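Subject: Structure handover and notes

Dear colleague,

I am handing over the structure we discussed, and my notes on it follow below the display. Please read them with the model open beside you.

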Amino acid sequence: MSTPYPFTAVVGMADLRLALLLNAVSPAVGGVLVRGEKGTAKSTAVRALAALMPAVDVVAGCRFSCAPGAPDPACPDGPHEAGPGVARPARMVELPVGASEDRLVGALDIERALAEGVKAFEPGLLADAHRGVLYVDEVNLLHDHLVDLLLDAAAMGASYVEREGVSVRHAARFLLVGTMNPEEGELRPQLLDRFGLTVEVAASREPEQRVEVVRRRLAYDDDPAAFAARWAGDEAALRERIVAARALLPQVVLGDAALCQIAATCAAFEVDGMRADIVMARTATALAAWAGCTDVTADDVRQAALLALPHRRRRNPFDAPGLDEDKLDETLERFGGDDEPDRDPDPDPEPEPDGPDSGPGGGPGGGIPPQPQGDQPQGPQAQEHQPQEHRPQGDQPQGPGTAPAADRPDAVPGASAGEQAAVRAAEPFRTKMLSVPGLGEGAAGRRSRARTEHGRTTGARRPQGALTKLHLAATVHAAAPHQRARGRSGPGLVVRRDDLRQATREGREGNLVLFAVDASGSMAARQRMGAVKGAVLSLLLDAYQRRDKVGLVTFRGTTADVALPPTSSVDAAAARLERLPTGGRTPLAAGLLKAHDVLRVERLRDPSRRPLLVVVTDGRATGGGPDPVALAGRAARLHAADGTASVVVDCETGPVRLGLAGKLAAELGGAAISLDELRADSIAGLVRNIRTMGSDSRRAA
């Protein structure tokens, strides 16, 4: 077994280390979500926590880690008699992004259950994680059906496995820790709220700290055992401090004053539900125990708010997580008491084994973090996580030749000379659902029809490999004609492996939605471009809710650019759209050809994910060659030849309209829809299939 990297050797990232330690002190806090850019030691810190977790007592031989003093009465390995049990280290169980449902919840042998009446159950990762840590790296990429199972287990503290009337239940209480890179997509709000705390991490911009990171990592890679031995003393001290804080936790008093501050803070920041209040209360109590105190102070409440509230304030996927600390301090002062004691954030600092008392390790104590004063990342990226309205005025970039931001209330900074400044998007709205025709087999989502592991049953087939979803009626139908030949004499059905039938199911898949946005001068009227951006932003929000990948191609002047390669990060696409300037001619053919290249590459990377091309334009073609209209028609027919589902959002306005977008849609073999028709509430019927719209468009042409 490889030697893990020591927790106390992690450089910097005080917020992350504190959040993990608070959960080690009080698992009731509810876990940690770690958000940050790649290469910031998120996974290293989480995996290092396992070595600090206190050992747990379990019933000997129980695969479900029942506590000897209070075994689970419904344990599949039970019933257990009371006894001393055995101690074992707390487990850190990792859930791979591509794990199957049976791997997560456990596998039930349907063949033995039908033929022998035996509940042969093989525990899954939820059983392994009981009374330990369940770690999900890249949690934002987890399939929806696995997310649903995690939510159910986290809410009920138990896992249920149901297979055609055969049911198994076992306890599943675990500390949920997830890491994610926001650039790869956001989490569903339901799962986001299940994490007690959230931490934003970013690489340090201080050269000294970066040097120390490299020095320690190289030392660990050269000799992991020797490196771990150098930090063994600090690891032992930190482990003892966790045990002491756990013992002190029941004695911590959460007074009415602190409770009032918690409730007032959650109300002031308008968080949904009551989970935030409960998590803040538990976090503040754990902070007091971690500091060796028995009373919760305003400092504890403030730190708890910085860890527990930022991810609960998001109203849509385009909102950056964060907290207005001035507003937080004002609320705490307004509802605080006058006689709260001051606290030393780290009562027992100890020197690091190979450095000064306060070095690059993130504070005194060789990596034992003091209570930090905020959870925002340090360095230039810190402002990226601040809401736009809270950024300092002087930090707004301005392109040459543009007016000050105060003189352009609807402009987005960053336009270069010779082009019109970017305008802000109009308010997003709920859009009609645009789907790809036919039946796909892509990743689970919520847009187009597809064969999936979950959904309504549509038929049966012979299983290919292990049986996962039994079609009971088809199995009985296959076995019934052979009962006499098999010597059946009693009421039971004699079932052989060849009789088993797999249920085929139909659900929804996620698609690749590629936007090709016309940013030429013909679209540059400020009100018009704001409406266009609002429409694209609305479609991006729809793509987020339907679990799609998105990409963004823009065209203007003489060229087309891939503003954003296909990604699961819808908020990254929204940010690129917000900064999009306009101006110049309309190289429509170049935009369509660039979109064709992007889709060709994506078909090779992910052939099962079907694309949906959304062209946002007024249909004019005024650049890109001697006959731009003919070139655009030929480029459009390339998409039609590939069978790409497409829709043209017609941005033409005014009393006189040329209908060029409709002609483009006919060349694409798709549909044309106006900005007004895109709204879900514009006409009756909220769902309009691309195939139906395409046939309407071709008849009109």
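Helices, here runs of H or I of at least four residues, and strands, runs of E of at least two, are taken from DSSP and numbered from the N terminus; in that numbering, Met 13 belongs to the segment before helix 1. Please keep in mind throughout that this is a predicted model.

Once its neighbours within four places in sequence are left aside, Met 13 is in contact with Thr 40, Ala 41 and Val 201. With Val 201 the separation in sequence is 188 residues, whereas the C-alpha to C-alpha distance in space is 6.8 Å.

Val 201 leads on to the sheet, since strand 11 covers residues 197-201 and is one of its two edge strands, the other being strand 4 (92-94), and each of these pairs on one side only. The sheet is open and consists of 5 strands in the order 4-7-10-1-11, with parallel pairing, and from one strand to the next the twist averages 20°. At the strand 11 end of that order, strand 1 (residues 32-36) runs parallel to strand 11 and is joined to it by 5 bridges; within this pairing, Arg 35 has Glu 200 of strand 11 as its bridge partner.

Turning to the helices, I looked at two packed pairs.

Helix 1 and helix 10 (residues 232-248) pack at an angle of about 50°, and their axes are 9 Å apart; that angle makes helix 1 oblique to helix 10. On the helix 1 side the contact is made by Leu 21, Ala 24 and Val 25, and on the helix 10 side by Leu 238, Ile 242, Ala 245 and Arg 246.

For helix 11 (residues 256-268) and helix 12 (residues 275-290), the packing angle is about 140° and the axes are 9 Å apart. The cut-off matters here, because only angles over 145 degrees count as roughly antiparallel, and helix 11 and helix 12 are therefore oblique to each other. Their crossing is right-handed. Ile 262, Ala 263, Thr 265 and Cys 266 of helix 11 meet Ala 276, Asp 277, Met 280 and Ala 281 of helix 12 in the contact, whose residues divide into 6 nonpolar, 1 polar and 1 charged.

Finally, a search of the whole structure for aromatic pairs finds 4. In one of them, the rings of Tyr 5 and Tyr 220 have their centres 5.1 Å apart and their planes at 70°, so the pair counts as edge-to-face. This pair links distant parts of the chain, with Tyr 5 in the segment before helix 1 (14-25) and Tyr 220 in helix 8 (residues 207-222), 215 residues apart.

How values were computed. Residues are numbered from 1 along each chain as its sequence is written. This is a predicted model: local features need pLDDT of at least 70, side-chain atom pairs count only at pLDDT 80 or more; totals for chains, interfaces and linings use all residues. Side-chain values use heavy atoms; hydrogens and water are left out. Two strands pair if DSSP finds at least two bridges between them. Axes are lines fitted to C-alpha atoms, for helices over the stretch in contact, and angles run from 0 to 180 degrees between N-to-C directions. Angles under 35 degrees count as roughly parallel, over 145 as roughly antiparallel, 65 to 115 as roughly perpendicular and the rest as oblique. A crossing is left-handed if the near helix is turned anticlockwise from the far one by less than a right angle, and right-handed if clockwise. Contact means heavy atoms within 4.5 Å. Ala, Val, Leu, Ile, Met, Phe, Trp, Tyr, Cys and Pro count as nonpolar, Asp, Glu, Lys and Arg as charged, and the others, Gly among them, as polar. Rings of Phe, Tyr and Trp (its six-membered ring) pair if their centres lie within 6.5 Å; planes under 30 degrees apart count as stacked, over 60 as edge-to-face and the rest as tilted.
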